[in-house]
Amino acid sequence: MNTIDKKNILIVEDEPQISRFLQLELEHENYTCSICADGRDALSTALEHDFDLIILDVMLPSLNGIEVLRRLRQVKQTPVIILTARDQVVDKVTGLDIGANDYMTKPFAIEELLARIRLHTKNSVRAGSDLVCGLLTVNADARAANYGGRPIDLTKKEFDLLLYLMQHRNVVVSREKLLDEVWGFDFYGSTNVVDVYIRYLRSKIDNVFKVDVIETVRGAGYVIR
């Protein structure tokens, strides 16, 4: 990996041994790292700088990780992996519902964490990036979409789905892939939910603007091109 391709990761962890271990492992994999041990410091750092991914503990001094994530999501959509000792289902659901991209519990296997980091950073979009396809424009950081300058009002999940398709425009993405990437590893449900949300998007884009933005490729999935 060239220096220009390096991904920048923020580690938010108040246990020095764990944060140092993560830093060494990530730098060995050619990532660059910043470390915060305090929730308020982490939030200000995440808002002031552009990171490709944030590894976020929940139990932090001054401001817990859930509140850090909640406030961050009001402004930015930086990928976040929650890494915590809290392993109750309700904790996982809460974290994912307010915008975490993934959730791992301690103790953890570094190989699995690295795999999940690769997954969530390979298509990350930095602040200020506009994704454009014809007259359709999506801004990941502002969580805004418009068609020909006219805003499109989307729910969180509708936006996440549209964003992923725009990040992979001209690539046919299967329902299973969309389910994994947009709904997450821990989603237990039918792939039909993807079809339902595709219909929602079409009702707000294709039907309103009289266009065919989202194409169905029979037996394969969906594509924007």
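Helices (H or I, at least four residues) and strands (E, at least two) are DSSP runs, numbered from the N terminus. The model is predicted, so local features need pLDDT of at least 70, side-chain atom pairs count only at pLDDT 80 or more, and totals for chains, interfaces and linings use all residues. Residues are numbered from 1 along each chain as its sequence is written, and side-chain values use heavy atoms, with hydrogens and water left out.

**Exercise 1.** State how many helices and strands the protein has, and where confidence is lowest and highest.

*Solution.* The protein has nine helices and 11 strands. pLDDT is the predictor's confidence in each residue, from 0 to 100. The protein averages 88, and 92% of the residues score at least 70. Confidence is lowest in strand β6 (residues 130-133), with a mean of 83, and highest in strand β3 (residues 53-56), at 97.

**Exercise 2.** Describe how strands β10 and β11 are joined.

*Solution.* Two strands pair if DSSP finds at least two bridges between them. Strand β10 (residues 214-217) runs antiparallel to strand β11 (residues 221-224), and four bridges join them. V217 has G221 in β11 as its bridge partner. Three residues lie between the strands of this hairpin, and G219 in the turn has a positive phi of about 75 degrees.

**Exercise 3.** Decide whether the radius of gyration agrees or disagrees with that of a compact globule.

*Solution.* The radius is taken over C-alpha atoms, and the globule rule is 2.2 Å times the number of residues to the power 0.38. For 225 residues the rule gives a value near 17 Å; the protein has 18 Å, which agrees. Buried residues (under 20% relative accessible area, 1.4 Å probe, protein chains only) make up 47% of the 225 residues.

Key
Buried means under 20% relative accessible area, exposed over 50%, partly exposed in between (1.4 Å probe, protein chains only).
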